[in-house]
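Let's take a walk through this one together, starting with the overall build and then zooming in on a few spots. Have the viewer open and follow along.

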Amino acid sequence: MRNMLKALRNNLLVIYAVYIKEMKIWLRYPSWIFVFITLPYTLTGLFYGVGYAIAGNRAFDNFVKNTGARNPVLYYLLGSTVLLLSVIIIEDMGASIRSEQLRGTFELHYLSPANKLLLWSSYVLPHGTVSFIVIAATLAPPLIWETRTLDIVSVLWTIVLLFIGMLPLYGIGLITASLTIRFKEPWAIINIIKAFISVCSGFLYPLTVLPHWLQLVSKTIPTSYLAVLLRDILIFDRKLLLEDIRLTALVITSLLYLALGFGIYLRWENYARKTGDLSKY
Amino acid sequence: MLGKQEISLSTRIEKISLELYAAAYNGVKTYLRYPMWIISDLVASPLWLLLFIIPMLLFLPPEKWGNTTTYQYFYWGMVFFDIISTSLWSFGNAIRREQEMGTLEYLFLSNANRIVLFATRFTTRLLSTSLSIVYLAALMWIMFGVQITVHDQLLLLFSLILSLFVASGFGALYGAAVLKLKQTGPLSNILQFVLIGVSGIFFPVNRLPPQLQILAYASPFTYCIDLARCAAINTPTLLPLWQEVLLVLSLAIIMNLLGLKALDFIENNTKKTGKLGAY
């Protein structure tokens, strides 16, 4: 029992240390947080502006007909914020390890008695904190502008959905981390993964506009369920029920991606330790 | 003057040609060293293209989604999206990359013309943009069944080359800011979308609200895309054609001269204050 408590305390210390370190680095460059808040607005402005320029006065009516949503600004703000956060989480796991390698501190982690999986996993917490701040700061103004009040259940559902939705991204992040350990410069592959997830998730459009085969592919991507569910709560004011099949699909696919990420990471880390690839870069 | 050597014009041309050759060679070698990046661009580009085009199409009725002219506008918009990104990320941040690699001080210690800093990136981007133009046209045909046609090939080639020069001049000006401010990633991100929005790369700027049109006319890229669109899809130009050609040509020269002057000024300033190597 005492050993278990000691192990728990040590693991919590690892999480705490990573959290403090990463938040310090985030706050060292606060201008990036400003970019994450303003970028969804610039993207929304771009889509809306171009849409209006090509469609003229009928632009809004066409948008309502195509999406069912009556507020293009909120629709794109929500979509581009979740898109941005997904891209950041996918990139960050690999990027964190790569920057440790470049700073020469990567091997030092392996000399410490900390659980490595927990160590790399802890990175998701500080990034999660920044993500929640960004989402709240981005979406609050249009919601206040519309004088809409979200009930506490909807707010809680949004937080729970975001948390579940981050798990598969974290799983993909672990795969990118494995690629980093294995191939050192995996940005080319990460670029393809990011583009694929972004298109198939339908963050910025209803998935029904995609070709049929791509709609089938998107059913295997957890973030496609996340985007639809978040839109239901925040844009269409619908109540989410526990027996909703899309919620079940989100949970199952999220856990699958997470397990896949852990599996690949452990396998490649083991391989790198055996072959001595860990310190080569 | 003591220590100053007279160099003939031919020697000067030979010297700068050699420097440009070395820079271009460096650029091509670096570009081809990472073939995975080229493959990644080829695979990911159609996906990014979809991600950008579909949200804009949602403002049109579905029966108009097959309109050829709309896709021609999108196509040239995507090409200029690439050119504007090049200006900020490739030319502007060339200095930042040299800083991070620890080679900036060596370059500034050499007597090479500062333009070589950008010539390396220019060669790489010329290769990459040419590839994008061909590849995006093929994608438009495969994905949307739209054939990209060009009304005046010579004018198009001329406008694209001039646009790349304008982008390099703008990049040099921005590069001077990078040399001074060091960490400009956030600024580049915001500036990129502002330039794309106000320069009317996806639509003619006369469809913008009047207040924004003032900003649009101040952006050098407005005239570049306007000229390229006229050459490609025969749209009317903002100014009479010959005046617009002359304006883009002047912009290409003036912006590069201004960029080099700004770079020279900031370099001297940071050398005096000892901040060249601080980042």
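In chain B, 80% of the contacts with a separation of 6 or more are between residues 24 or more positions apart. Keep in mind that this is a predicted model.

How does the radius of gyration of chain B sit against that of a compact globule? With 279 residues, a compact globule would come out near 19 Å, and chain B has 20 Å, which agrees. Along the principal axes, the C-alpha trace of chain B spans about 75 × 45 × 35 Å. As for burial, 38% of the 279 residues of chain B count as buried.

Now turn to chain A. Here you'll find 12 helices and 0 strands, running α-α-α-α-α-α-α-α-α-α-α-α from the N terminus on. For its 281 residues the globule rule gives 19 Å, and the radius of gyration of chain A is 20 Å, close to that value, so chain A is as compact as a globular protein of that length. Its C-alpha atoms fill a box of roughly 65 × 40 × 40 Å along the principal axes. Of the 281 residues of chain A, 38% are buried. Take the contacts in chain A between residues at least 6 apart in sequence, and 80% of them join residues at least 24 apart.

What does the contact between the two chains look like, residue by residue? Chain B puts in 30 residues and chain A puts in 36. On the side of chain B that touches chain A, α2 (35-57) and α8 (185-198) of chain B each supply at least two residues. The largest share of that side comes from α2(B), with 13 residues. Sort the side of chain B that touches chain A by class and you get 24 nonpolar, 5 polar and 1 charged residues.

Back inside chain A, have a look at how two of its helices meet. The axes of α2(A) (residues 30-55) and α3(A) (residues 59-67) come within 9 Å and cross at roughly 110°. An angle from 65 to 115 degrees counts as roughly perpendicular, and α2(A) and α3(A) are therefore roughly perpendicular to each other. On the α2(A) side the contact is made by G51(A), Y52(A) and A55(A), and on the α3(A) side by A59(A), N62(A) and F63(A). By class, this contact of α2(A) with α3(A) has 4 nonpolar, 2 polar and no charged residues.

Next stop is helix α11(A), residues 222-234. This helix has 13 residues and reaches 19 Å from its first C-alpha to its last, close to the 18 Å expected at 1.5 Å a residue. Is α11(A) largely enclosed or largely open? Of its 13 residues, 10 are buried, so α11(A) is largely enclosed by the rest of the structure. Among the buried ones are P222(A), Y225(A), L226(A), L230(A), R231(A) and L234(A).

Some of those residues turn up again around L78(A), which is found in helix α4(A), residues 72-103. Why does L78(A) count as buried? Because L78(A) has 26 C-beta neighbours inside 10 Å, and 20 or more is the cut-off for being buried. Leaving out residues up to four places away in sequence, L78(A) touches L139(A), L230(A), R231(A), L234(A) and I235(A). L78(A) and T138(A) are 60 residues apart in sequence, yet 8.2 Å apart in space, C-alpha to C-alpha.

How values were computed:
Residues are numbered from 1 along each chain as its sequence is written. Chains are lettered from A and ligands numbered from 1 in the order in which they are written. This is a predicted model: local features need pLDDT of at least 70, side-chain atom pairs count only at pLDDT 80 or more; totals for chains, interfaces and linings use all residues. Axes are lines fitted to C-alpha atoms, for helices over the stretch in contact, and angles run from 0 to 180 degrees between N-to-C directions. Helices (H or I, at least four residues) and strands (E, at least two) are DSSP runs, numbered from the N terminus. Angles under 35 degrees count as roughly parallel, over 145 as roughly antiparallel, 65 to 115 as roughly perpendicular and the rest as oblique. Two residues are in contact if their C-beta atoms, placed from the backbone, lie within 7 Å. Ala, Val, Leu, Ile, Met, Phe, Trp, Tyr, Cys and Pro count as nonpolar, Asp, Glu, Lys and Arg as charged, and the others, Gly among them, as polar. The radius of gyration is taken over C-alpha atoms; the globule rule is 2.2 Å times the number of residues to the power 0.38. A residue is buried if 20 or more other C-beta atoms lie within 10 Å of its own, exposed if 12 or fewer, and partly exposed in between; C-beta atoms are placed from the backbone. The expected span of a helix is 1.5 Å times one less than its number of residues.
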